[in-house]
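Look at the sequence and the structure together. The paragraphs below go from particular residues to the fold as a whole.

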Amino acid sequence: MTSYQEVLDWMFVQLPMYQKEGKTAFKKDLTNIIALSKELDFPENKFKSIHVGGTNGKGSTSHMLASILQEAGYKVGLYTSPHLKNFTERIRINGIEISKEKVIGFIQKNNKFLKEQRLSFFEMTVGMAFDYFAEEKVDIAIIEVGLGGRLDSTNILKPEVSVITNIGLDHTQFLGETLKEIAFEKAGIIKENTRVIIGERQKNIEQVFIDVSAKKNAPISFASDNNKKYKTDLLGDYQIHNSTTALETINNLKGFDVSEESIEKGLLKVVLNTRLKGRWQVLQKSPKIICDTAHNKEGLFYVLNQLQKEKHNKLHIVLGVVSDKKLEDILPLFPENAVYFFCKPDISRGLNENILRDSAKEYGLIGDSFSSVNQAYIKAKENLNDKDVLYIGGSTFVVAEII
């Protein structure tokens, strides 16, 4: 493998990747990532970090934290997943993506070990990120949990602060069928004697976090108890929760000098500093076209409430989902007073557009089906008048195909 494309093809196809394959790529222990860490001489111990988990908002919160710390003058690593357009989006320093040459170099250097150990796509990507941040001597890295927490490959970190934004019913086939079961999995990132920030108080599950933090002697605070609010350039009503969580995290981060001005500027320059995309992103103003990566019940609740507040003559929605999504949880959230363009995202896990259309019809959501996101998007735009609104969403992979 000598070219970037050859390396990506090998990573994406030869080894399991959860985003594309689903359950078969999910590993139930940390054996592989621990072995890789040892092979790389434990890079995660060579930089300070903040570990961010949760069901919704962990990506936005991670980007907010990175932006604030960049404004404070620090060299900041940022690891997030999945990517929208390019693999290199997952690993950044001060908003700059890892180079293709670095990706090639890591895979070439460690290829024998990666093959023998049969690492998953996600495991090798985490190892690549940690190795890169150590090599580049970042002051701190913001590391987003991939899936769950307790068994996620990122959970070999010993962070300065652990963050759990909130808990919702997502990935139940891996994490449990109840909020308490999922909360327990997310609480797995809480470390001994390490501050933990919980983004939102949720009465039926907050005791899970209190109990785990008590066992681990980890000081705990709930960001939603703080009434101080800041403006952010990330659009979307739900971002107020994420900014409050980011603020509480910064306030509990020891050893870093972060001024009030850095907090204010950082929250107002998240997109500029980190290149974040896909969160209530306005692609066009007239007629207005909006996309958002919200894909589960809790995330869609906020987004669709905000969508209904948009002034419009007619609402158009391009909608696609993955096949393991519980349609009975999300379809009732969508408005009946819209014209739908059902589509299948271009991954093996994408739900057939006709199945989605027929299921949506049971909830009064009417529209045509299209075999690709692009076809649905083109057709939707053909029907737009100046005062209409078009929303694209339902899955990260739908948004990735149109931005």
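A helix here is a DSSP run of H or I at least four residues long, and helices are numbered from the N terminus. By that rule, Thr125 lies in helix 6. The model is a predicted one, and every value below is computed from it. Thr125 has a relative accessibility of 0%, and because buried means under 20%, Thr125 counts as buried. Leaving aside residues up to four places away in sequence, Thr125 touches Met11, Tyr79, Phe87, Arg90 and Ile91.

Helix 6 covers residues 121-135, and helix 5, at residues 100-117, packs with helix 6. Their axes are 11 Å apart, and the packing angle is about 120 degrees. Angles of 65 to 115 degrees count as roughly perpendicular and those over 145 as roughly antiparallel, so helix 5 is oblique to helix 6. The crossing of these two helices is right-handed. On the side of helix 5, the residues that meet helix 6 are Lys102, Val103, Phe106, Ile107 and Leu114. On the side of helix 6, the residues are Met124, Gly127, Met128, Asp131, Tyr132 and Glu135. Sorted by class, the contact of helix 5 with helix 6 has seven nonpolar residues, one polar residue and three charged ones.

Helix 5 also packs with helix 3, which spans residues 31-39. The axes of helix 3 and helix 5 come within 11 Å and cross at roughly 160 degrees. That angle is over 145 degrees, so helix 3 is roughly antiparallel to helix 5. The crossing of helix 3 and helix 5 is right-handed. Asn32, Ala35, Leu36 and Glu39 are the residues of helix 3 in this contact, and they meet Phe113, Leu114 and Gln117 of helix 5. The classes in the contact of helix 3 with helix 5 are four nonpolar, two polar and one charged. Leu114 of helix 5 is listed in the contact with helix 6 and also in the contact with helix 3.

Is Phe184 buried, partly exposed or exposed? Its relative accessible area is 45%, so Phe184 is partly exposed. Phe184 touches Arg150 and Val208, not counting residues up to four places away in sequence. Ala294 is 110 residues from Phe184 in sequence, and their C-alpha atoms are 23 Å apart in space.

Now turn to the backbone in the loops. Most residues other than glycine have a negative phi, and most peptide bonds are trans. The residues described next depart from one or the other of these patterns.

Which peptide bonds are cis? A cis peptide bond joins Ser81 and Pro82, with omega about -5 degrees. Pro82 has its place in the loop between strand 2 (76-79) and strand 3 (91-93). The bond from Ser286 to Pro287 is cis as well, and its omega is near -10 degrees. Pro287 belongs to the loop between strand 9 (281-285) and strand 10 (288-291).

Two asparagines have a positive phi. Asn94 has a phi near 50 degrees and lies in the loop between strand 3 and strand 4 (96-97). With a relative accessible area of 31%, Asn94 is partly exposed. Phi of Asn193 is near 55 degrees, again a positive value in a residue other than glycine. Asn193 is in the loop between helix 8 and strand 7 (195-198). Its relative accessible area is 54%, and because exposed means over 50%, Asn193 counts as exposed.

Finally, step back to the whole protein. How many helices and strands does the protein have? There are 17 helices and 14 strands. Along the principal axes, the C-alpha atoms fill a box of roughly 55 × 50 × 40 Å. A compact globule of 403 residues would have a radius of gyration near 22 Å, and the protein, with 21 Å, agrees with that. Of its 403 residues, 58% count as buried, and Thr125 is one of the buried residues. Among contacts between residues at least 6 apart in sequence, 75% join residues at least 24 apart.

Terms used
Residues numbered from 1 in each chain as written. Predicted model: local features only at pLDDT ≥ 70, side-chain atom pairs only at ≥ 80, totals over all residues. Heavy atoms only, no water. Axes fitted to C-alpha atoms, helices over the stretch in contact; angles between N-to-C directions. Parallel < 35°, antiparallel > 145°, perpendicular 65-115°, else oblique. Left-handed = near helix turned anticlockwise from the far one by under 90°. Contact = heavy atoms within 4.5 Å. Nonpolar A, V, L, I, M, F, W, Y, C, P; charged D, E, K, R; others polar. Rg over C-alpha atoms; globule rule 2.2 N^0.38 Å. Buried < 20%, exposed > 50% of the residue type's maximum accessible area, 1.4 Å probe, protein only.
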